[in-house]
Number of protein chains: 4
Amino acid sequence: MTRIGVVTSGGDAPGMNATIRAVTRVAHSEGLEVLGFERGWDGLLTNTFRMLTPRNVGGILHLGGTILRTSRSPEFRTVEGVQKAAETLALNNVDGLVVVGGDGSLRGALELSKMSDALIVGIPTTIDNDIFGTDETVGFDSAVNTAIVEIDKIRDTANSHDRVFIVEVMGKKRGFLALTIGLTVGAEVILVPEVEYSLKKIVGTLEENDAKGKKSGIIVAAEGIGDTHKLLREIEEKAGVEVRLSVTGYAQRGGNPTARSRLLANLFGKKAVELLLNEQGNRMVALQEGKVTSIDLKEVCSNEKQLDLSLMKLAQTLAT
Amino acid sequence: MTRIGVVTSGGDAPGMNATIRAVTRVAHSEGLEVLGFERGWDGLLTNTFRMLTPRNVGGILHLGGTILRTSRSPEFRTVEGVQKAAETLALNNVDGLVVVGGDGSLRGALELSKMSDALIVGIPTTIDNDIFGTDETVGFDSAVNTAIVEIDKIRDTANSHDRVFIVEVMGKKRGFLALTIGLTVGAEVILVPEVEYSLKKIVGTLEENDAKGKKSGIIVAAEGIGDTHKLLREIEEKAGVEVRLSVTGYAQRGGNPTARSRLLANLFGKKAVELLLNEQGNRMVALQEGKVTSIDLKEVCSNEKQLDLSLMKLAQTLAT
Amino acid sequence: MTRIGVVTSGGDAPGMNATIRAVTRVAHSEGLEVLGFERGWDGLLTNTFRMLTPRNVGGILHLGGTILRTSRSPEFRTVEGVQKAAETLALNNVDGLVVVGGDGSLRGALELSKMSDALIVGIPTTIDNDIFGTDETVGFDSAVNTAIVEIDKIRDTANSHDRVFIVEVMGKKRGFLALTIGLTVGAEVILVPEVEYSLKKIVGTLEENDAKGKKSGIIVAAEGIGDTHKLLREIEEKAGVEVRLSVTGYAQRGGNPTARSRLLANLFGKKAVELLLNEQGNRMVALQEGKVTSIDLKEVCSNEKQLDLSLMKLAQTLAT
Amino acid sequence: MTRIGVVTSGGDAPGMNATIRAVTRVAHSEGLEVLGFERGWDGLLTNTFRMLTPRNVGGILHLGGTILRTSRSPEFRTVEGVQKAAETLALNNVDGLVVVGGDGSLRGALELSKMSDALIVGIPTTIDNDIFGTDETVGFDSAVNTAIVEIDKIRDTANSHDRVFIVEVMGKKRGFLALTIGLTVGAEVILVPEVEYSLKKIVGTLEENDAKGKKSGIIVAAEGIGDTHKLLREIEEKAGVEVRLSVTGYAQRGGNPTARSRLLANLFGKKAVELLLNEQGNRMVALQEGKVTSIDLKEVCSNEKQLDLSLMKLAQTLAT
């Protein structure tokens, strides 16, 4: 192992830059050269990269986004695309590749590992936390904190107006963000894609709260639960209360990473380089039982991480 | 003048609590009693208030929302409603009333001043900054800062993905928020309700930027400019680029006030009490040429504050 | 178990209020009454408490400090003091007590458990993270994030002036805060009380960095490492560079808790009530291997949590 | 006027980068070339600069510090130093120079204007707000907000412990920061260098507050008032209460600028270029009566801005 590559792919997440820095500096301390492929898989398709050195990854630890930039690359989803990427790695004598990204990127990493002689290691980096095999992904904690700071502010208005708010948070398929955000802002109702919601139950909760003298409320809803505008109208109609909708948007993807996202980035970056040095490819770095470890990429891609539904019940108890 | 009232009305804004505290403590230092009417005009319609003292307004200076709560009161918009409010003031021997709120609240204050013997003084408190006669309102600076922190994060993602974002900010009728936010985040395009937008010009700007190598962009759009989803589709079609929409929501109304919003709250609160002590009613406290002064409420309500369109040009120059 | 008490003791930490809320609401959902003792152990010495209900712990989840207030109580450190506290519990028919605090508070809890029939359960809540048996304490993540936001700002000035800063962070005896903060801000040097520092090594690192073209630097030092003013003068003298000192102060103790501190507070609060319902006393709630569990209070108080010194090496590698 | 220079000098302040960007982009839009001298006056002494273009000042609007870096240059304080700087301007055919900085930098600008044919314009950029002739400087609002966010957190601890805190804020000679910070955090006592403090009066205020049931307190003290450690001991002794000291440090200088600092940077940058285009040198851009204007540099340097002491009285009334 003398030369490795690193690529950030898919949606950006806070801590991607910290991950790039950690991979680069740990690798250099072990005598490795590091190529940073640019604009996600596109960089592997077009052989576009820059040499990463301890110096030129300085000053990025705390910045959101990714200095390598990223993209969603349809071409890479074809066999020809993956083949071309494998050729780029061979052309540049890249012995190992660190893939930094979420669900789709890790699937891409698995495909690439089948066609390339280079060892491929994934680092789970996504605000969605929806990756099987790791308790947490780089970026998740940052996105949660961005959302709760925003919702704490909305709570001011909810309380001042005795009003109910639906706050739509990210999460098209999975409710990890919505559940953690809901638990930590004290949401009266949490709606996740994994559980079909019952309008009757929502309205029941709001009416119970009203009877207790709690006239405002926050409904945290993952974007994947359906049309929140429609939900708003339904609640207004059934419950006879004014409801407002606030969509926490793309800000959740950006911003300076929190300490925890930075720490995971550091630990994951180090682990990824160690795996490559030990000639272990086709794996994803992971956090399990509080410890940094790794897991087979195939296992990651063929399983689905489960939401802890017992937390939904706790959230209800805590929002009484 | 021995007894005054204070009421917060309309949409809440950061600094309302600071204003309540300032009015209460300055009034008490002058020997006045202070009644805090609850839930906006509703408190005057239903004679619901609490006595405010220096002690019970402690610990609220830095909090968003309003401890007196607020509401939009349709009944108050009728002659009978205003009459009832005037009677409540008389019933409680209230000699002066400080009305803390935005456009609608100040109009209400003017109506009430016609029917009540109590002297009425308004304090312009709204995130919209759309009040004639004052250069700035309490809450505006806070809302702007909440928005720019959010947009700075979105810029991370825009840059990482070479993507254009439309960021919809508050402002149904007026573009004060959008213009200041746009200028301070370096928006490539700013759209305000006061100026009809030209799709062609927007697309032209994006294309020019692209030619210069600036592939990402932020379009700050006031909510009042029309359907931003439609705008998104139009730009995507015409410019052939991917565009994302992020709606900065109600968080702009809440949250801890900035230093400037707190300072204005302090100065305006003091001025309002001074006006009442000098038996000057029917006025609004205002910031003019950097100084705290006051203006006739009638003048406030019969004029429209103008957006400084020269700043639109500056914004364009600065975003090249 | 029909009646429990809760007390916050020692230095305050972000998440204490969230913990009070969680204990109260979970307990009520199980039919328990909750007494909140005020001002730390003083409340048990003077029988000062208020009844906590789901309603009166509303709106505090996101607030720093503790609504029950806290104190350091010398009297409680005597046998008579502990005896009196035990009597207060008996007097009020308190069957279980949840002690929310750090090192000293948990020792107090252990002493009290020896003299009282009430079951005692501790919840580790301290910014210092120095409690044996739990991987993390409520409040630690918040303090770390407050510090890194501050140090990110100092880095701006360090870079602009090519200057070295010593940033003193909290931690009289232990370096958990300093180490995590140092790792997540990319500190060039991290100094902890557990490891005697070598002036020569510090100066060597700064000189190496200077040779690499890295002219600014951040030295994160726990307050317990000795006199940082003296250290500053020594470095200036030996290294011939200008050094500035910034002491991150008490702000680390306060402020709104982060998502992680809130989440731990929720989970720990629930676990504490469950232990009491299962008649398990003399225990501390803990996070171990990513899961919420509990541990014998005696074990907590007779062992010392170890700093992971391998992270010091990682920090060095990452700051090259 | 075909070629101008820009230099940032003295202590850095949030908004310096925004100012560099504004000067550069406005100048380019008028057909001017822009040289950015590096490391403050040192850049003029050593003829070190880079060409600034609209592209290479992109992405810096929201960043603290200064990309041109800064320094305090003893050599420039000599006649020979100023002479050399003037020669550098002549050598590079620089027709106008924008000096971005505080008190010392503006004095330097004045000296330089006497020896150089280039027109010199200053932009007041300092967190201290201590520049005669302008109501506000770029950076002041940012520093105030950084401090109040920190002090709001300290207030949590003060309240939880019924404790008095001295918070030392920046301001060696002048109390502008301390006064505005004190007013906006509701400090019980504000100490500024302009007014000698009376221990007796401080203790009296604390005792009065204690009698009113207000057991915690915040004393905001400018660093220039003397030894705050000593003050702490004196208060503890006289008042018989526990006092803690927290020194808000260099973080006030850094961090992303607030909206207001960015706006001033934009407006001041534009005005500076306009002055040069109108062949007006030897002036400083200024905010007066809410409007951007300019003032003779000599007048700036020969007068002292006065603190509005009436605000001290208001602060007292508001903190009752």
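I looked up the pairing of strand β1 (residues 3–8) of chain A and found that β1(A) runs parallel to β2(A), joined by five bridges; strands are DSSP E runs of at least two residues, helices H or I runs of at least four, numbered from the N terminus, and pairing requires at least two DSSP bridges. Gly5(A) has Leu35(A) as its bridge partner in β2(A). Between β1(A) and β2(A) the chain passes through helix α1 (residues 16–29) of chain A, a right-handed β-α-β crossover (clockwise from the first strand over the helix to the second, with the strands pointing away from the viewer).

I note that the model is predicted, with pLDDT of at least 70 needed for local features and 80 or more for side-chain atom pairs, while totals for chains, interfaces and linings use all residues. Residues are numbered from 1 along each chain as its sequence is written, and chains are lettered from A and ligands numbered from 1 in the order written.

I then followed β2(A) to its antiparallel partner, strand β3 (residues 49–52) of chain A, across four bridges. Leu35(A) has Met51(A) as its bridge partner in β3(A).

I next checked chain A against chain C: a rotation of 180° with 0.0 Å of shift along its axis superposes them at RMSD 0.0 Å (least squares on C-alpha atoms of residues with pLDDT of at least 70 in both). The two copies are therefore related as by a two-fold rotation axis.

Finally, I recorded the contact between chains C and D, which takes 28 residues from each (C-beta atoms, placed from the backbone, within 7 Å). On the side of chain C, α5(C) gives the largest share, 10 residues.

How values were computed: Contact = placed C-beta atoms within 7 Å.
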